[in-house]
Amino acid sequence: VDIEELFGNLSEADACQNTTDDFEFNLEWPEEIGNGSICMITPREGIILEIGKFRLKDDIAISFEQKHHSISFGFIVSGSIKRTLDSEKGQDDFRVYRQGYSVMAYLPESKQNIVRPSMEPQAYHYVHITIDPLLLKIFMEGQLNEMPVGLRNIVNGAEEQFFYQASIMSPAVNATIQQTISCPYQSSLKRLFLEAKTLELISYSLAQAASSADIIRGEPELRSDDIERVLEARNILIRNLEKPPSLLTLAKQVGTNKNKLNKGFRRIFGTSAFDYLRISRLEQARELLDSKKMNVGEAAAHVGYSHQSSFARAFKNHFGTIPTDHRA
């Protein structure tokens, strides 16, 4: 399905529904396809904030052309998505991203295809930001060395260069996402608040990318068999959230040592094996709470927390909300 067929010409104001202000409007999904909406907000010229939450009745593949030269920052709150890119070199297959991941990208003059599966327990919920490269350069004046090299080249004028990087969302990002979604203000105060939160999310993303670059600088590329071992270890952790193996045992199970395994996790997922386990536990617990399948105590025990107080503290530190909020 072409996105223009679903929502009309997004550049024309008369194609938008439920206009709430001159900087914000909502796009409602057609009833025959799903339910929910996408809110488009322009906190300042050169920046667009998009907040989407919806469920689909059937699997759907949405295609659209990237016509604008903008840098994007995407944050997946719940659900999953598969994204492919059609370029002059053919179709590049990007991986499936589930909740808890953020993506930083610059994909100029390309046709993209987004596949959103319908048979998932949660609604697809995300926050997406686009910013003009020139505006980002102005914000980062004198500090361009804090940006990944590829992105630095783009803001310096390399408009045809592609950039794509994914990482796991940090607790600070999760907290800011929740504050953005539940903005308590209206009108001009809302615009000011969301501009601040948008810039905060961009800052966190750039800082995390710089930190990852510091970790891997000077190290050789991972070999394909090393990558397979890390992915196998990740799958073992996901299958054993309640009683995971120790790092040493996990490394032996996949045929490597614990230092190499941890380095591999940082290279691929942007975090240590232990942090990946912790985040995965909390994300699964949130899924169980959102779906109303378990109460707080049951969800905590299901993902390996023996004390509900420890679970609640970890949950609040990571998501910025308390577990009982997800049972309401």
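## A buried salt bridge and its surroundings

Lys-190 and Glu-24 are both buried, a term that stands for under 20% relative accessible area, while exposed stands for over 50% and partly exposed for what lies in between (1.4 Å probe, protein chains only). The model is predicted, and local features need pLDDT of at least 70, side-chain atom pairs count only at pLDDT 80 or more, and totals for chains, interfaces and linings use all residues. Residues are numbered from 1 along each chain as its sequence is written, and side-chain values use heavy atoms, with hydrogens and water left out.

Lys-190 forms a salt bridge with Glu-24, with 2.9 Å between the closest N and O atoms. This pair joins distant parts of the chain, since Lys-190 belongs to helix H5 and Glu-24 to strand E2, 166 residues apart; helices (H or I, at least four residues) and strands (E, at least two) are DSSP runs, numbered from the N terminus. A salt bridge here is a side-chain nitrogen of Lys or Arg within 4 Å of a carboxyl oxygen of Asp or Glu, and the structure holds seven salt bridges. Two further examples stand in the table.

| Salt bridge | N to O distance |
|---|---|
| Lys-197 and Glu-200 | 3.2 Å |
| Lys-260 and Asp-226 | 3.7 Å |

Lys-197 and Glu-200 both lie in helix H5, three residues apart, which is about one turn of the helix. Lys-197 counts as buried because its relative accessibility is 12%, whereas Glu-200, at 24% relative accessibility, counts as partly exposed. Lys-260 is partly exposed at 39% relative accessibility, while Asp-226 is buried at 11%. Lys-260 and Asp-226 also belong to a network of salt bridges that includes Asp-225 and Arg-229.

Returning to Lys-190, this residue touches Phe-23, Glu-24, Cys-183 and Tyr-185, when residues up to four places away in sequence are not counted, contact being heavy atoms within 4.5 Å. Phe-23 lies in the loop between strand E1 (17-21) and strand E2 (24-28), and Phe-23 is buried because its relative accessible area is 4%. Apart from neighbours within four places in sequence, the contacts of Phe-23 include Met-40, Ile-41 and Arg-191.

Tyr-185 also takes part, with Leu-189 and Leu-192, in a nonpolar patch on the surface, with about 310 Å² of accessible area together. Such patches are made of residues with over 30% relative accessible area and no salt bridge, where like charges are joined within 9 Å and nonpolar side chains (Val, Leu, Ile, Met, Phe, Trp, Tyr) within 5 Å. Leu-192 has its place in helix H5 (residues 187-216) and, at 56% relative accessibility, counts as exposed.

Notes. Areas by Shrake-Rupley, 256 points an atom, 1.4 Å probe, with all protein chains shown as cover.
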